[in-house]
Amino acid sequence: MSAPQLDVVVAAPVLAPAIASVVVLVLDAVAPRRRRPAVAVGVLALLTTLVVAIGLRLRASAGGEVTTLCLPGDPALAVRDAPGQTASECLLRVSQSGALLQAVAAAAGLAVLLLLSRRLGSAPEQLDSEAPARPDPGVEVAMLLATVTGANVVAVAHDLGTWLVGLELATLPIVALAVLRGGTRDSGALNLVMTSIASFAIAVVGAGLWVTATGSLRLGGVASWAAGQEPGDRAVLVLGILLLVVAVGFKLSLVPFHAWAPVTYPRAGVEVTTLLASVSTVAAVGGLVAVVRGAASVHAVIQPALSVVAVVSMLGGAVLALRADDPLRLIAWSGVTQGGWILAPLVAGDTDAAVGYLAVYAVAVVAALAVVAALTPGAPRRLEDDRGLLRRRPVHAAVLTLALLTLAGLPPGVAGLLAKFMALRPLADEGLWWVAVPAVVAAVLGLAVYLRWVALLLLPAEDHGAPEEVDRTATFVAVSAGLVLLGATCVPVLLLGAGTS
């Protein structure tokens, strides 16, 4: 076997946040509890990651996949011959959609870092004997960077080992942040811990079945082709793939693996919620896309299971979101239904549409949560508190309205409308009407969910007190995300990527 071949530029979206997390911890050891060095290193690393990921996306769109970390002759990656297909010997393969996932993870991570920087090293908000002291700022920044690293690894991983490590690396630091930024009783960390343990255990079993059926660690359609042709191996392969889908379903909060989300989101705080709804979701979608691509030889067999989960998630999340009166709980149930929308095009095997939908959702949810963070720097907030917001804080109301209309798929949130159209198109092309029709029903229910919040922004307030104090950093994040949504309205390919073709 030849020595590994590494292209540093192609690997930069993974290496930059990983190296920066180590640097931040070293700086924290040398100069404890200094906020600015940790934030500066984190911002630099994430900006570098974002710029390189955009460059890789342009490079991949011009000439196909870009590869790195190649292991020529590695027997663990060997596969049986598949007619007309060539197996790559590289562990990281950056496609156009993979680079888009990396860019979204970096941008979302940057937004979360700015939100975290407002209170890094500050005292706890609550006087609770079970609330721990704030950790050193370097620890929190390092955990955020580790999460982005994990998401970027999963987005381009093509072997099971890298896939498993990246998926957990994108999850475990969030569990620690949930504990460190809240009390052990109220942070929702226990739900995250149990979910993470269960999903990892299921993923390991699924990976073992995959290797048993294919004889390879490679995660792709080439590796699974031969196993899909033999009845015995085919049954083992299908079971392994379904378990891998279940493992990712926990992290994407798909029904029936969603119970942790509506409990954890309101308790973990807006920063951790934003991290879960954006970077962690990017990792889950990247993992799900890799599995669906690897299941090409048996896609018809797993299609019914994917259809049921997509439909139930879209409808169930939308119905239960109607009852939410807490912004974070509403975002949690919204995440369930949006996860179903992301899964819907994957039922038809269209990974580009799923990634494009995820990109639009991530930006919109960051914008909405940043507005919530800006308006509630030190206290919980309820939907009713936003009544009359347009008159008190027109900029915040405008950004929040755009984000909600994007999630609903209504103008001027044109990016959201296009994302839903791209998700429905492959279903219609394949004649999967039992998925497409419930999706339309879920979209109508979603209108009631999001327009209920928008209506509160426009209605006159019951009292005419002074406008609430706002946080400038969170406002900057919200406005920036809103501008990205406007940009995607004018140039849809910005977020929807190859799904617009």
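Which residues make the nonpolar surface patch of about 330 Å²? Val395, Val479, Leu483 and Leu486 do. Before going further, keep in mind that this is a predicted model.

## How confident is the model?

The average pLDDT for the chain comes out at 84, and 85% of the residues reach at least 70. Residues 122-132 are a stretch to treat separately: pLDDT there is below 50. That stretch still has 22 contacts in the model beyond near neighbours in sequence.

## The surface patch

Back to the patch. Helix 19, which runs over residues 472-490, supplies its largest share, with three residues. Val395 sits in helix 16 (residues 394-408). With a relative accessibility of 47%, Val395 counts as partly exposed.

## The nonpolar core

Now to the inside. The largest nonpolar core has 161 residues, and the ones touching the most other members are Trp163, Ile241 and Trp453. As for helices, helix 14 (residues 351-375) gives the most to this core, putting in 21 residues.

Leaving out residues up to four places away in sequence, Trp163 touches Val154, Ala157, Ala203, Leu219, Leu244, Val248, Gly287, Ala290 and Val291.

## Salt bridges

How many salt bridges does a search of the whole structure find? It turns up three. One of them pairs Glu168 with Lys251, with 3.2 Å between the closest N and O atoms. This pair links distant parts of the chain, since Glu168 belongs to helix 5 (residues 160-169) and Lys251 to helix 9 (residues 231-251), 83 residues apart. Are these two partners buried or exposed? Glu168 has 9% relative accessibility, so it counts as buried. Lys251 is at 7%, so it counts as buried too.

Arg382 and Asp325 form another bridge, and here the closest N and O atoms are 2.7 Å apart. Arg382 is in the loop between helix 14 and helix 15 (389-392), while Asp325 is in the loop between helix 12 (299-321) and helix 13 (327-347), so the bridge ties together parts lying 57 residues apart in sequence. Arg382 has 40% relative accessibility, which makes it partly exposed. Asp325, at 39%, is partly exposed as well.

Then there's Glu384 with Arg387, where the closest N and O atoms are 2.4 Å apart. Glu384 has a relative accessibility of 40% and counts as partly exposed.

Where do the cis peptide bonds turn up? One runs from Val255 to Pro256, with omega near 10 degrees. Pro256 is found in the loop between helix 9 and helix 10 (260-268). Another cis bond joins Pro411 and Pro412, and its omega is about 5 degrees. Pro412 is placed in the loop between helix 16 and helix 17 (414-429).

Key. Residues are numbered from 1 along each chain as its sequence is written. This is a predicted model: local features need pLDDT of at least 70, side-chain atom pairs count only at pLDDT 80 or more; totals for chains, interfaces and linings use all residues. Side-chain values use heavy atoms; hydrogens and water are left out. pLDDT is the predictor's confidence in each residue, from 0 to 100. Contact means heavy atoms within 4.5 Å. Patches are made of residues with over 30% relative accessible area and no salt bridge: like charges are joined within 9 Å, nonpolar side chains (Val, Leu, Ile, Met, Phe, Trp, Tyr) within 5 Å. Accessible areas come from the Shrake-Rupley method with a 1.4 Å probe; for residues, only the protein chains shown count as cover. A salt bridge is a side-chain nitrogen of Lys or Arg within 4 Å of a carboxyl oxygen of Asp or Glu. Helices (H or I, at least four residues) and strands (E, at least two) are DSSP runs, numbered from the N terminus. Buried means under 20% relative accessible area, exposed over 50%, partly exposed in between (1.4 Å probe, protein chains only). A nonpolar core is a set of buried Ala, Val, Leu, Ile, Met, Phe, Trp, Tyr and Cys residues joined through side-chain atoms within 4.5 Å.
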